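Hi,

Here is the structure I promised to pass on. Have a look at it first, and my notes follow below.

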Amino acid sequence: MMRDQANFQPNPETAASRVTQPAFWGTLPARWNSDTDDTLVCCQIRQETHDVKSFFFRAPDERAFVFEPGQFVTLELEIDGEAVNRCYTISSPPTRPHTISITVKRVPGGKVSNWLHDSLQVGSTVRVLGPSGEFTCARHPARKYLFLSAGSGVTPLMSMTRAHHELGEDRDIVFVHSARTPDDIIFARELDLIASNQTRFRTAFVCERVGTRTNWPGVTGFLSLPLLKLIAPDFMEREIFTCGPAPYMKAVRDLLDEGGFERSHYHEESFSFDTIPDVAAQLTTAHVADALEGDVSFAVLREQAAGFSPATVEPEVAQTFTVSFAKSNRQIECGSGQHVLDAAKKAGVRLPASCTQGMCGTCKVKLVSGEVAMKHAGGIRQREIDQGMVLLCCSKPLTDLVVDK
Ligand SMILES: Cc1cc2nc3c(=O)[nH]c(=O)nc-3n(C[C@H](O)[C@H](O)[C@H](O)COP(=O)(O)OP(=O)(O)OC[C@H]3O[C@@H](n4cnc5c(N)ncnc54)[C@H](O)[C@@H]3O)c2cc1C
Ligand code: FES
């Protein structure tokens, strides 16, 4: 029987007793689908470091989460009466299907990360969309991996590492994580445990400074090519996955370029949509794959990848349509080859948007009348499409439009 989501209050005693119910383990739960069951319940919060917490969520009716390690979900929240969407990587592995966790670092002044840290509690419910994303080792099987991360960028690599560990695959993985100080290393103890369980899993922590730890035995400074050669002398033979702040990823690309690394074996994810061309560089489109074949530098590759970003594609203006914003009483012109969000931006109409790639759901609106051609990347549910919602960043008009904005 379907549980009434609005009245659902998890009872910690009941939750604990699930573990002792044979039926809970004896059956495979049905798959969670954000299209129909989008409200998840926070069932545990863990303090990972002084400014990082993991939040664990359970689906209604104990449904199972199915995703690829490295993928992310979008949280759709309402904070101070304002709708806000943010993406967070699933830090738990798909081998733990009963829950998912996200691991969030406080960003000074950041709206959502601080709200999650200060206000989300066990028993709170949140609307979640996804999972989405292409940054996953599942799509790039390799004998040897090199995982490079910095700060909260550890999360996708942690999900991939946990998945290999829990599947009992002693995969050859070198896990290099950069942090400000040893106290900022996220998942340090678990990574040590995995390293002690698996003969071919190695960690190396690179800290900017020692902080309060006077006895830090690890490396201090920044990742460099000579240091990488010391940590993983065979890095040229590895499939590399990188995630971290934009300057860190640029430094990694530069040092790999310097080392002559074959970029078709390089994958990265940015946590900032401002650097979306970098994300596009690892998309597996045929165009990017073609570019990857050639002898082009990372910078050129990113420029080429940027050319495939919907936000930067030159519009073919074969026909012009009128887009009316019902609430603000404004009208703009939009070419048939142009995304509505781009046309609105050009006309000075400010609309909420984040990824501009059809992934995050921030630009979702109700289409009052008209038709669009929409090419999204997971940022909208099928039932929302059926209800007439569209993502303006990846929708081109097929007729005059009226949107509820
Ligand atoms: C695919 C993906 C996966 C991600 N995974 C993770 C993850 O696993 N863990 C994680 O911690 N994060 C992750 N992120 C980042 C996350 O989505 C958020 O961007 C992050 O938590 C910050 O959000 P926020 O609302 O706290 O900050 P925001 O409110 O978005 O602010 C960000 C920064 O901008 C500044 N700022 C905000 N408004 C203004 C203004 N008006 N003027 C000037 N400055 C301003 C803030 O001070 C802050 O420094 C991921 C992002 C993506 C795209
Ligand atoms: S801005 Fe992210 S889906 Fe449109």
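The open sheet first: six strands make it up, in the order E10-E9-E8-E7-E11-E12, with parallel pairing. Strand E10 (219-220) and strand E12 (266-269) sit at the edges with a single partner strand each, so one side of each has no neighbour in the sheet. At the E12 end, strand E11 (residues 239-243) pairs with E12 in the parallel sense over four bridges. If you want one of the residue pairs to click on, Thr242 has Glu268 in E12 as its bridge partner. Bear in mind throughout that this is a predicted model.

Next, the ligand. The shell around ligand 1 counts 21 residues, and the closest are Gly109, Gly110, Val112, Ser113 and Thr155. Strand E4 (82-89), strand E5 (99-105) and helix H3 (111-119) are the elements that supply two or more residues to that shell. Both domain 1 (10-132) and domain 2 (137-306) contribute, with at least three residues from each. Sorted by class, the shell around ligand 1 holds ten nonpolar, eight polar and three charged residues.

Now the packing. In soluble globular proteins, nonpolar side chains tend to be buried together. Here the largest nonpolar core has 63 residues, and the members touching the most others are Leu146, Phe147, Leu157 and Phe175. There is also a second, separate core of 19 residues, with Ala343, Ala344, Val372 and Leu391 among them. Going back to Phe175: leaving out residues up to four places away in sequence, Phe175 touches Phe147, Leu157, Thr161, Leu191, Phe201, Arg202 and Thr203.

A few backbone details are worth checking on your screen, too. Gly130 and Pro131 are joined by a cis peptide bond, with omega at about -5°; Pro131 belongs to strand E6 (residues 125-132).

Phe187 has a value of about 65°, in the loop between strand E8 (172-179) and helix H5 (188-197). For Asn329, phi is near 55°, and this residue is in the loop between strand E13 (320-325) and strand E14 (330-335).

Which of these is buried, and which exposed? Phe187 has 24 other C-beta atoms within 10 Å, and since 20 or more counts as buried, Phe187 is buried. Asn329 has 7 such atoms within 10 Å, and because the limit for exposed is 12 or fewer, Asn329 is exposed.

Cheers

Terms used: Residues numbered from 1 in each chain as written. Chains lettered and ligands numbered in written order. Predicted model: local features only at pLDDT ≥ 70, side-chain atom pairs only at ≥ 80, totals over all residues. Near = placed C-beta within 6 Å. Nonpolar A, V, L, I, M, F, W, Y, C, P; charged D, E, K, R; others polar. Domains from an automatic or database assignment. Core = buried A, V, L, I, M, F, W, Y, C linked by C-beta atoms within 7 Å. Contact = placed C-beta atoms within 7 Å. Pairing = 2+ DSSP bridges.
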